[in-house]
Amino acid sequence: MAETAFAFGADAVYAGQPRYSLRTRNNEFGTLEHLAQGIASAHRLNKLFYLVSNVIPHNAKVKTYLADLAEVVALKPDALIMADPGLIAMVREAWPELPIHLSVQANTVNYAAVKFWKHVGVERVILSRELSLDEMAEIRQECPDTELEVFVHGALCIAYSGRCLLSGYFNHRDANQGTCTNSCRWDYKVLPGEEQPSGDVARLPPPPPAAAPTGQVWLLEEGQRPGELMPMEEDEHGTYVLNSKDLRAIEHVARLVEIGVDSLKIEGRTKSPYYVARVCQTYRQAIDDAVAGRPFDASLLSELEGLANRGYTGGFYERHPDQAYQNYLRGHSESDRSLYVGDVAGYDPARGLVEVVVKNRFGRGDRIEAIHPAGNREFVVERLENAAGEAIEVAPGSGHRVWLPLPEELAGAFLARFV
């Protein structure tokens, strides 16, 4: 993932030690060896590697923190991304020259807070996702000497900057310790219910359309937990145990450049290298265009539509009605433009063909895009062979390997089929 991000235009990556970050799941940087490889690889490319250390720790983790961190600091990450003020104070004392970036988990939403964090030694503040463009601009004006970073793409949380307890409530996997199970995206049903004198709730049969029993409440039932009924409360703003759309702010990149934001951040945890390649390549172009004064290329929007997503929203960048943020139809990802179908694993000079590791079904006659750091290409599959050199009509699906007549320079490309 890190190598792909760098190849397709990223200037930096962020990765965390599982014990001390909110990156416990799907994290291969759990060993010093892997962290050393990642940091060294970034530095060979003149890129940056930020170590995420943004856990909100209980006492047990505080006691072991400095000793465990010392070996990692020795690997020379370019900054620590942190959230807890106690841990920040400990790091400031132990390693006064080590740059610290304030995590989005710290929920920074105003310029006074930015000034405070600057005063205690924080070099960069990653602003809360709940800010508008105008609020960001005001913070930049008030805090010209502090680096600012904002999220521009990826999953959004139903809770304030990710501080959610839903996963911890259901199965004791706390999002604030890095083990979130994305409970907000589970399949819920809304059922009629009635509050009992004891304070408990009981399920009712569906009422006639014109009649609603006195004391009726609405209950949520998650698909894998039948019979576990949860009262659903609603105020004038709605109810929030629902699935957020994904953030996409590429159309706002020019404004962010104008404001003077120092870093645009992409959330990509649990995503594929193909996703990373597409998003980094697309935002790289948007940034380069904005810096050069070129107008926004609207085709970049369709490039991102082709990725798996839960529907897109601009989040809080511009103010919209509440329903613009919620995806009421689905909690899984879909792709509306193209489908990731394979990786070009190498070139066979004897056959003059590239080898493709198949991820999804494709076949002869399909229009394919090869996504490569040197530039993308489109082609139609006119010839397809199996390992024995036999002509085939279809690459059946994940796990298979096929061969295509593509040039050697496309080795390492990702392939997507237009749909």
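## Strands S6 and S12

S6 and S12 run parallel and are joined by four bridges. Strands pair if DSSP finds at least two bridges between them. Glu-149 has Ser-263 of S12 as its bridge partner. Strands here are DSSP runs of E with at least two residues; helices are runs of H or I with at least four; both are numbered from the N terminus.

In S12, Ser-263 and Lys-265 form the covered face, while Leu-264 and Ile-266 form the uncovered one. In a regular strand, side chains alternate between the two faces of the sheet.

## Model and conventions

This is a predicted model: local features need pLDDT of at least 70, side-chain atom pairs count only at pLDDT 80 or more, and totals for chains, interfaces and linings use all residues. Residues are numbered from 1 along each chain as its sequence is written, and side-chain values use heavy atoms, with hydrogens and water left out.

## Largest pocket

The largest pocket has a volume of about 1,400 Å³. Of its 50 lining residues, Ala-2, Ala-5, Ala-12, Val-13 and Tyr-14 are the closest to the centre. A pocket is an open set of points on a 1 Å grid over the protein atoms alone, where a 1.4 Å probe fits, with protein on both sides within 12 Å along at least five of seven lines; lining residues have an atom within 4 Å of a point. Points are joined across faces, edges and corners, and the volume is the space filled by probe spheres set on them.

H9 (273–292) is among the elements that supply at least two lining residues, as are S6 (147–154) and S12 (263–266). H9 gives the most, with eight residues. The lining divides into 26 nonpolar, twelve polar and twelve charged residues. Nonpolar covers Ala, Val, Leu, Ile, Met, Phe, Trp, Tyr, Cys and Pro; charged covers Asp, Glu, Lys and Arg; the others, Gly among them, are polar.

## Whole chain

The protein chain holds ten helices and 21 strands. Buried residues make up 47% of its 419 residues. Buried means under 20% relative accessible area, exposed over 50%, and partly exposed in between (1.4 Å probe, protein chains only).

## Two residues

Gln-17 sits in the loop between S1 and H2. Gln-17 is buried, with a relative accessible area of 12%. Its contacts (heavy atoms within 4.5 Å) include Asn-27, Phe-29 and Asp-68, not counting residues up to four places away in sequence.

Val-201 lies in strand S8. Val-201 is partly exposed, at 26%.
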